[in-house]
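Subject: Structure handover

Hello,

Here is the structure I promised to pass on. Please open it first, then read the notes below.

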Amino acid sequence: MGGLENGATNNQNSSPTTTKPTKTSLSPDSMINLDQGDPTLFEPYWRKMGDKCTLVIEGCDLMSYFSDISNICWFLQPQLGDAIKRLHRVVGNAVTEDRHIVVGTGSTQLLMAALYALSSPADRHPVSLVAAAPFYSGYKDQAEFLRSGLYKWEGDAHTFDKDGPYIEVVTSPNNPDGAVREAVVNRGEGKLVYDLAYYWPQYTPITQPLDHDIMLFTFSKCTGHAGSRIGWALVKDKEVARKMTEYMQISSIGVSKESQIRAAKILGVLGEGCRTADSENFFEYSHSILKERWERLRNVVKNSRVFSLPKYPRDYCNFTGKYMDSNPAFAWLHSKEDIDWESRLREHQIIARSGERFGASPKHVRISMFSPPEAFNLFLERLSAIIDNTNGNVVT
């Protein structure tokens with residue numbers, strides 16, 4: 001799931017309105033915020049693109065609520081729908097044929113639209129909502145925020161044992177631990193929503209085009225453009241797509257056209273870069289950065305008697321045509337010591353998110369791999385010092 005995640009803070013010597021957060025200068029005692037999934041790490045690539053992504057919008061443009069009244073999602077700009085289909089065909093990560101595209105203000109709004117579409121006001125009891133732990137920390141917050149009578153958060157899919165209808169959110173690759181996931185409950189009355197925010201080649205091998213009833217994607221984690229607030233759902237069933245669109249109409253009367261045409265332009269540039277052999281495509285660029293960060297982090301953690309990181313199977317990627325390792329957007333750091341590691345890291349001026357927020361133990365913390373270079377370098381220095389201390393080597 002994309003966006004500025006629930007519970008995130010903004011105290012890294014920069015405010016949310018800072019235009020170039022990667023330029024922040026950190027002092028040795030600065031607080032490092034690794035709680036957020038804010039992908040400004042990819043900004044240098046798009047700066048190199050220069051005018052390729054530039055748009056000119058005149059004052060008379062895009063004034064109507066409507067984009068295409070013949071489409072179920074009547075506020076979807078046609079050029080965005082076309083760009084989404086082209087990119088999925090190029091990458092090979094999702095089936096788009098015979099699918100309805102519903103655009104939303106990020107995939108967060110689309111999840112709420114899917115819950116609305118899959119539940120029924122005629123039911124005597126709210127439909128149960130579950131996700132396998134460790135699950136994205138925002139699901140619980142989003143489900144409980146409006147105190148809806150349509151659905152109720154029931155927590156971990158592994159321990160869910162209620163009879164009746166349910167909705168399971170399957171996040172793959174998973175946030176926070178990067179694991180490739182399938183449904184857990186697998187009962188006849190269940191409905192599934194696949195959150196595929198990180199099913200892109202910079203994070204994980206693309207092994208097949210996924211083909212599920214509802215698949216959610218987000219512009220923020222695909223390209224790094226979180227500020228545009230664009231997500232999309234690929235939906236098989238016409239009536240589900242209609243109800244999701246109805247939710248959008250009621251909650252926000254559509255989605256910004258300016259954001260949509262910007263997303264269409266950038267997705268087009270991204271797709272063209274993938275087809276042109278003489279240019280560095282975005283997925284190669286972002287994969288190389290994340291791979292290098294993961295290698296450096298693993299080199300630090302391998303010296304620890306306390307900390308460990310998940311191991312991911314190497315797999316063949318149909319997009320790159322070679323075997324690849326996974327390089328998730330977040331590091332799921334585990335400690336053998338039975339203490340609250342979120343609090344311990346904060347003592348060392350590192351803000352991370354506790355495993356408890358994800359339905360797991362406080363011995364886990366989630367670390368964002370998206371931080372600016374200065375912050376990531378400083379994090380590795382501090383983590384090395386913590387490891388030296390926990391190993392019994394006093395750092396002076």
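A salt bridge here is a side-chain nitrogen of Lys or Arg within 4 Å of a carboxyl oxygen of Asp or Glu. By that rule, the count is 13 salt bridges. Keep in mind that this is a predicted model.

Salt bridges

Start with Asp-35 and Arg-353. Their side chains form a salt bridge, with 3.0 Å from N to O. Asp-35 sits in the loop between strand S1 (32-33) and helix H1 (43-48), and Arg-353 sits in strand S14 (residues 353-354), so the bridge ties together parts that are 318 residues apart in sequence. Are these two residues buried or exposed? Asp-35 is buried, at 4% relative accessibility. Arg-353 is buried as well, at 1%.

Next come Asp-141 and Arg-357. They form a salt bridge too, and their closest N and O atoms are 3.2 Å apart. This pair links distant parts of the chain, 216 residues apart. Asp-141 belongs to helix H4 (residues 138-145), while Arg-357 is in the loop between S14 and strand S15 (364-368). Asp-141 is partly exposed, with a relative accessible area of 30%. Arg-357 is partly exposed, at 30% relative accessibility.

Then look at Asp-211 and Lys-236. Their side chains meet in a salt bridge at 3.4 Å, N to O. Asp-211 is in the loop between strand S6 (190-195) and strand S7 (214-218), and Lys-236 is in the loop between strand S8 (231-235) and helix H6 (238-252), so the pair ties together parts that are 25 residues apart in sequence. Asp-211 is partly exposed, with a relative accessible area of 40%. Lys-236 is partly exposed, at 34%.

Cysteines

How many disulfides are there? The count is zero. A disulfide would need two cysteine sulfur atoms within 2.5 Å. Take Cys-53. Its closest cysteine sulfur is in Cys-222, 12 Å away, so the two are too far apart for a bond. Now take Cys-222. The closest cysteine sulfur to Cys-222 is in Cys-274, at 8.9 Å, which is also too far for a bond. Cys-53 is buried, with a relative accessible area of 16%. Cys-222 is buried, at 0%.

The chain as a whole

The secondary structure comes to ten helices and 15 strands. The chain has 396 residues, and a compact globule with that number would have a radius of gyration near 21 Å. The chain has 21 Å, which agrees. Along its principal axes, the C-alpha trace spans about 70 × 55 × 40 Å.

Of the 396 residues, 54% count as buried. The chain exposes about 17700 Å². Carbon and sulfur atoms supply 49% of that area. Contacts reach along the sequence: among those between residues at least 6 apart, 73% join residues at least 24 apart.

Backbone points to check

Most residues other than glycine have a negative phi, and most peptide bonds are trans. A few places here are worth a look against that background.

Where are cis peptide bonds found? One runs from Ala-133 to Pro-134, with omega near -5 degrees. Pro-134 is in the loop between strand S3 (127-131) and H4. Another joins Ser-172 and Pro-173, with omega about -10 degrees. Pro-173 lies in the loop between strand S5 (166-171) and S6.

Two residues with positive phi follow. Arg-147 is not a glycine, yet its phi is near 50 degrees. Arg-147 is in the loop between H4 and strand S4 (151-156). Its relative accessible area is 78%, so Arg-147 counts as exposed. Gln-349 has a positive phi of about 65 degrees, although Gln-349 is not a glycine. Gln-349 lies in the loop between helix H9 (341-347) and strand S13 (350-351). Gln-349 is partly exposed, with a relative accessible area of 28%.

The structure is yours from here.

Best regards

Technical notes
Residues are numbered from 1 along each chain as its sequence is written. This is a predicted model: local features need pLDDT of at least 70, side-chain atom pairs count only at pLDDT 80 or more; totals for chains, interfaces and linings use all residues. Side-chain values use heavy atoms; hydrogens and water are left out. Helices (H or I, at least four residues) and strands (E, at least two) are DSSP runs, numbered from the N terminus. Buried means under 20% relative accessible area, exposed over 50%, partly exposed in between (1.4 Å probe, protein chains only). The radius of gyration is taken over C-alpha atoms; the globule rule is 2.2 Å times the number of residues to the power 0.38. Contact means heavy atoms within 4.5 Å. Accessible areas come from the Shrake-Rupley method with a 1.4 Å probe; for residues, only the protein chains shown count as cover.
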